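The report below is written to be read beside the sequence and the three-dimensional view.

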Amino acid sequence: MLSRDKHFWVHVPVGYLYTMGDQQTSWGYHTEPQPGMSGRSIAYPRGRLLGGCSSINGMIYQRGQERDYNRWELEHKNPGWNWSAVSKYFNNMLDYDIPDGNPDYKRGGEWHVEPPRVRWEVLDSFIEGAKEIGIPEIKDFNHSDRPAVGYFQVNQRKGVRLSSYRAFIHPILHRPNLNLLTDHLTKRVEISQTEKKVTGLDLLPTDGGEAFRVHATKEIILSAGAIGSPQILMLSGVGDPRALTHIGIEPKLDLPGVGQNLHDHLQIRTAFRLHRPGILTLNQLANSPWGQLKMGLQYLTTQTGPLSMAPSQVGMFAKSNEEEPTPNIQYHVQPLSLDSFGKPLHEFPGMTLSVCNLRPTSRGSVTLTSNDPKDKPKIDPNYLSTEYDRRVASESIRHARKLAGTNAVKALQPEEIVPGSSIQTDEDLAKSAGGISASIFHPVGTCRMGPKDDKKNVVDNTLTVHGLQGLRVVDASIMPSIVSGNTNSPTLMIAEKAADMILGNKS
């Protein structure tokens, strides 16, 4: 990590609007131009501060579906990673502060979960519309794999963002066996060729100082995320030997799967202008000096109101077609509208229904552009490159239109402004999806977990890098396939399980 979490907007939930594009808090990555997205290169925010992406993300508490983890064990051959096995790790860290919530969930852990602290009439109307088409309202999405709609639960503490750093590390900084170093880049992991064992890390101060080595006597844990972890491995000589040699890196271990299998949730942002007189959305408040003052005072005095809101407060899980065994699309519903992420909010009342394909089949890669750790890697998600993903994109827009046509939502007098009601054929809808979509910032899979006999795999089921002693990868990069929901809490589950395995190895 490069910096501490001192930035004001890191802690105010709505601050994600500012931190995702701020070079102090995000690495400022962009993808390669994407053929499936009208040739666009899109922003790819990744946290560059303590807490990583949990310091700039949407704070939504989701575990994914039971079948996701059963696939990890059965299809991808990773013993000990089925739903039953991982559930206890989700619960171990939990502080579930939901009135009348699931009684089986734990209180007193580090990872605090609470209900949202603001509601909107437009979001309540969406929930009622979903119920009209047969999707039940639910209080806890993590309790079932069935279609459902409701308000998201969030990782906040009394209306303030809770990052993994604030939850797990900050409370134990006093421990004598913990040293926290910021403002350094990892240049490489040092590997003993004779023993095939990691011996230390070479670190590079960001102030221009000389690199130095930190020695390791037991283990090194890489937790730099789906972009950073494969980047560090490749800089260390672990990856495809031909690609490494081409950019002047001496190959140390032939693992061609490093940086491959990149996949992500792509959100298709359908947006509506609301013509019903008197309807309030964030658009009007944000564009009014009095509205801004009111929101600021409300948050300063009570930590409630629009400044306490996650990017999306209402969600829905549904099937884009009835052939799917479980919900395959997820909605993130927002009481706002804008031309594209990072642009100003519209001045008129608006609502956005973002829909993402939960189980995309498109696969991309992370590769190096040079042997310099200061140079950004090449990120190519290869979005919408399969027929399945294009079909689900088309179905997703049709599904959003179906919801906009329910009595509850029609009462808001919605006018589709993105992608536009004139676009009707499946082919045109899929093409338009590429023009209006963006990452929802859930990249995974670039250090895939699985048995050694498949060269595409990077770590085994203990998260140890194949062919190396003393090196584990513990982050979302090890996911063999993406979970059907937001990825932050599943990543912390991986860390919780890894900690258990590390302690077990020491006993």
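## Aromatic rings

Tyr96 counts as buried, at 4% relative accessibility, where buried means under 20% relative accessible area, exposed over 50% and partly exposed in between, with a 1.4 Å probe and protein chains only. This is a predicted model, in which local features need pLDDT of at least 70 and side-chain atom pairs count only at pLDDT 80 or more, while totals for chains, interfaces and linings use all residues. Residues are numbered from 1 along each chain as its sequence is written, and side-chain values use heavy atoms, with hydrogens and water left out.

Rings of Phe, Tyr and Trp (for Trp, its six-membered ring) are taken to pair if their centres lie within 6.5 Å, and planes under 30 degrees apart count as stacked, over 60 as edge-to-face and the rest as tilted. By this rule the model has 13 aromatic pairs. In one of them, the ring centres of Trp83 and Phe90 are 6.3 Å apart and the planes lie at 40°, so the pair is tilted; Trp83 is buried, with a relative accessible area of 17%, and Phe90 is buried as well, at 0% relative accessibility. The rings of Tyr96 and Tyr105 have centres 4.6 Å apart and planes at 90°, so this pair is edge-to-face, and Tyr105 is buried with a relative accessible area of 12%. Ring pairs also link Trp83 and Phe90 with Tyr69, Trp72 and Trp81 into a cluster.

## Charges over rings

A charge is said to sit over a ring if NZ of Lys or CZ of Arg is within 6 Å of the ring centre and within 35 degrees of the ring normal. The ring of Tyr105 has the charged end of Arg63 over it, 4.5 Å from its centre. Arg48 lies over the face of Trp27, at 4.7 Å from the ring centre.

## Strands and their partners

Strands here are DSSP runs of E of at least two residues, numbered from the N terminus, and two strands pair if DSSP finds at least two bridges between them. Three strands form an open antiparallel sheet in the order β8-β9-β10. Its edge strands, β8 (184-192) and β10 (212-215), each pair on one side only, and the twist averages 30° from one strand to the next, with axes fitted as lines to C-alpha atoms and angles running from 0 to 180 degrees between N-to-C directions. Eight bridges join β8 to the antiparallel strand β9 (residues 197-205), and Arg188 has Asp202 in β9 as its bridge partner.

Strand β15 (residues 266-274) is mostly covered, with eight of its nine residues buried. Seven bridges join β15 to the antiparallel strand β18 (residues 350-357), and three join β15 to β22 (residues 437-439), again antiparallel. Ile268 has Val355 as its bridge partner in β18 and stands opposite Ser437 in β22. With strand β21 (residues 414-418), β15 pairs in the antiparallel sense over four bridges, and here Leu274 stands opposite Pro414.

## Cysteines

A disulfide is counted as a pair of cysteine sulfur atoms within 2.5 Å, and by this rule the count comes to zero. The sulfur of Cys356 has its closest cysteine sulfur in Cys53, 16 Å away, which is too far for a bond; Cys356 is buried at 1% relative accessibility. For Cys447 the closest cysteine sulfur is also in Cys53, at 15 Å and too far for a bond, and Cys447 is buried, with a relative accessible area of 0%.
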